[in-house]
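Subject: Structure for you to look at

Hello,

Here is the structure I said I would pass on. Please open it first, then read the notes below it.

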Amino acid sequence: MRTAAAGRVSAVRVLQSLCRCPILEIARLGQGLRPWRAEVLAHFDTGGISNGGAEAIDLMIEKLRRFTCGFRSFGNFRIRILLAADGTRP
């Protein structure tokens, strides 16, 4: 199994090589990832911890907000969010 340090070294190499790729789309991907280099490499510094769970809950609430635009009270909206987030529905 690879260590986090070895994974970080590989990620740095990949990020550096993307910008030099002769394929235009891959070079653009490398240029787009360049400002996010620290965030991408943070995966190896934190042991793979991410805010994916919080983002998933935020996405669910945002979808419900669009769907339930007719609710006039925050209490009813809050109850709808709690019902959707209880995990019993697909």
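A salt bridge is a side-chain nitrogen of Lys or Arg within 4 Å of a carboxyl oxygen of Asp or Glu. By this rule, the count for the model, which is a predicted one, comes to one salt bridge.

The pair is Arg8 and Asp45, whose closest N and O atoms are 3.2 Å apart. Asp45 is at 54% relative accessibility, so Asp45 counts as exposed; the cut-off for exposed is over 50%.

The other item is a pair of helices. The axes of H4 (residues 52-67) and H5 (residues 74-84) come within 10 Å and cross at roughly 130°. That angle is why H4 counts as oblique to H5. The crossing of H4 past H5 is right-handed.

Which residues make the contact between H4 and H5? On the H4 side they are Met60, Ile61, Leu64, Arg65 and Phe67. On the H5 side they are Phe77, Arg80, Ile81 and Ala84. Sorted by class, this contact of H4 with H5 has seven nonpolar residues, two charged residues and no polar ones.

Regards

Note on methods
Residues are numbered from 1 along each chain as its sequence is written. This is a predicted model: local features need pLDDT of at least 70, side-chain atom pairs count only at pLDDT 80 or more; totals for chains, interfaces and linings use all residues. Side-chain values use heavy atoms; hydrogens and water are left out. Axes are lines fitted to C-alpha atoms, for helices over the stretch in contact, and angles run from 0 to 180 degrees between N-to-C directions. Helices (H or I, at least four residues) and strands (E, at least two) are DSSP runs, numbered from the N terminus. Angles under 35 degrees count as roughly parallel, over 145 as roughly antiparallel, 65 to 115 as roughly perpendicular and the rest as oblique. A crossing is left-handed if the near helix is turned anticlockwise from the far one by less than a right angle, and right-handed if clockwise. Contact means heavy atoms within 4.5 Å. Ala, Val, Leu, Ile, Met, Phe, Trp, Tyr, Cys and Pro count as nonpolar, Asp, Glu, Lys and Arg as charged, and the others, Gly among them, as polar. Buried means under 20% relative accessible area, exposed over 50%, partly exposed in between (1.4 Å probe, protein chains only).
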